[in-house]
Amino acid sequence: MGKVQLFEIHLSNSRVIYSPGEPLTGTVNLRLGAALPYRAIRVTCTGSCGVSSKANDTSWTVEEAYFNSTLSLADKGTLSPGEHVFPFQFLLPTTAPTSFEGPFGKIVHQLRAVIDTPRFSKDHKCSRIFYILSPLNLNSLPDIEQPNEATTTKKFSYKLVKSGSVILTASTDLRGYVVGQVIQLHADIENQSGKDTGPVVASLLQKVSYKAKRWIYDLRTIAEVEGSGVKAWKTAQWREQILVPALPQSVLPGCNLIHIDYFIQVSLKAPEATVNLPLFIGNIAVNCPPLSPALSLSGLPPPLVPTAPPEDMDMAACGPSPMVSVSLPTKSHSQQQQQQSTQPFSYTPGLSFRETRPEAEPGPGDGSPVPSRPPLCLSTGATIPYFAEGPVVPMPTASDLILPPEYSTWGYPYEAPPSYEQSCSSASSGLSNGN
């Protein structure tokens, strides 16, 4: 064996995730089989972001540095054979962004140690990755507890002949969710036509934007559910639930090269009609819970039921017929319920962070027991690991939950949903057209 038998970086209490502004402490451990002369022993703490125009390419097109600090652990001398421990401590900046990793870029925080040896000798190096999580408090976002709603009207044409229109309205109970929470999806489809519509599809989409030489968009379908079509002259109501899996938060404060957005997209296949509901994924849940769907809908007036089709319809082909309201069944989910026990995700209620309970960390040498750490849960899609407090179990719901698919490969991103501002403006125009 060589002179250097062990050269590692250990973090205090085997921590993995830190918060901005926290101290990061640890040791550089050495085991030598023979005496080792050196010029310096240093440890460096860095945080940076790199983005490439090619997938899974570490030759970054654009880079952004957040911090770079170096400590000298020992000056020129000779290390004797045996064990050596060098303690260190860094103070993480309060502006450090959350760790992230995706196909076109990543935000990486790591420690590097080096033994600078005399001339003509090989330097020894080692490194260790750690994660920074800057929690997103959903309560800091405006109108986050309000229902999210959008509507659109689409003309229904059959063989170049207008046969009426279809009004698609979709809504969610909140505008922001945390990992493990359930999205209550509500869709109303008013088929003012003599033709049946195609199936209705709801998808939870993740759009990650990378700023290289040009903006690159990676769009992933996290979960998807499909419902049946709507018969002619009927109004259908569709109720579904989507479980939010372990996903990175919507914003990465401090990073200018990577942006993360989420959407609930509800669409009809025939006629082609789509509405997008922008939403936020955070770490601290909304304090104000919404009313249950039954209570929130009880005070609404009954829907207007027309007694005859619109004037622009082919009356000879269809004839007048009263509209009937029905409940739309679900045809398929993106995953089966039995895979729920093996799909990793974080259960957010009770999730705690280091900056909210610093007293939980035992002091060095105080003899206090090291607190048991929650299990590490891997996230779905481009993300970072999360810790989950307590047993990782799903929330009870009335119907089957939609779990995210497994990603082994990914396709080139297709057309991305509009931005939050564009969605709001299109929703407003859709409402005015439906009046």
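Biologist: Where does Pro271 lie?

Modeller: Pro271 sits in the loop between S19 and strand S20 (273–282). Strands here are DSSP runs of E with at least two residues, helices are runs of H or I with at least four, and both are numbered from the N terminus. A cis peptide bond joins Ala270 and Pro271, with omega at about -5 degrees.

Biologist: What should I know about the model before we go on?

Modeller: This is a predicted model, in which local features need pLDDT of at least 70 and side-chain atom pairs count only at pLDDT 80 or more, while totals for chains, interfaces and linings use all residues. Residues are numbered from 1 along each chain as its sequence is written, and side-chain values use heavy atoms, with hydrogens and water left out.

Biologist: How many helices and strands does the protein chain have?

Modeller: The protein chain has three helices and 24 strands. Ser267 belongs to one of those strands, S19 (residues 258–268).

Biologist: Why is Ser267 called buried?

Modeller: Its relative accessible area is 17%. Buried means under 20%, exposed means over 50%, and partly exposed lies in between, using a 1.4 Å probe and protein chains only. Ser267 therefore counts as buried. Leaving aside neighbours within four places in sequence, Ser267 is in contact (heavy atoms within 4.5 Å) with residues including Leu168, Pro199 and Thr274.

Biologist: Is Asn13 buried, exposed or in between, and what makes it so?

Modeller: Asn13 has 29% relative accessibility, so it counts as partly exposed. Asn13 is in the loop between strand S1 (4–11) and strand S2 (17–18), and has a positive phi of about 60 degrees although it is not a glycine.

Biologist: What about Trp233: buried or exposed, and why?

Modeller: Trp233 has a relative accessible area of 7%, so it is buried. Trp233 is found in the loop between strand S17 (215–227) and strand S18 (234–243). Its phi is near 60 degrees, a positive value in a residue other than glycine.

Biologist: What makes Tyr18 and Phe130 an edge-to-face pair?

Modeller: A pair of aromatic rings is described by the distance of the centres and the angle of the planes. Rings of Phe, Tyr and Trp (its six-membered ring) pair if their centres lie within 6.5 Å; planes under 30 degrees apart count as stacked, over 60 as edge-to-face and the rest as tilted. Tyr18 and Phe130 are 6.0 Å apart centre to centre, with 85 degrees between the planes, and form an edge-to-face pair. The pair links distant parts of the chain, with Tyr18 in strand S2 and Phe130 in strand S11 (residues 124–132), 112 residues apart. Tyr18 is buried at a relative accessible area of 2%, and Phe130 is buried at 1%.

Biologist: How do you know that Arg15 lies over the face of Tyr18?

Modeller: A charge sits over a ring if NZ of Lys or CZ of Arg is within 6 Å of the ring centre and within 35 degrees of the ring normal. Arg15 lies over the face of Tyr18, at 4.2 Å from the ring centre.

Biologist: Which residues have a pLDDT under 50?

Modeller: Residues 288–320 stay under 50, and over residues 335–415 the pLDDT is also below 50. pLDDT is the predictor's confidence in each residue, from 0 to 100. Where pLDDT is low, the predicted coordinates should not be read in detail. The protein chain averages a pLDDT of 76, and 66% of the residues score at least 70.
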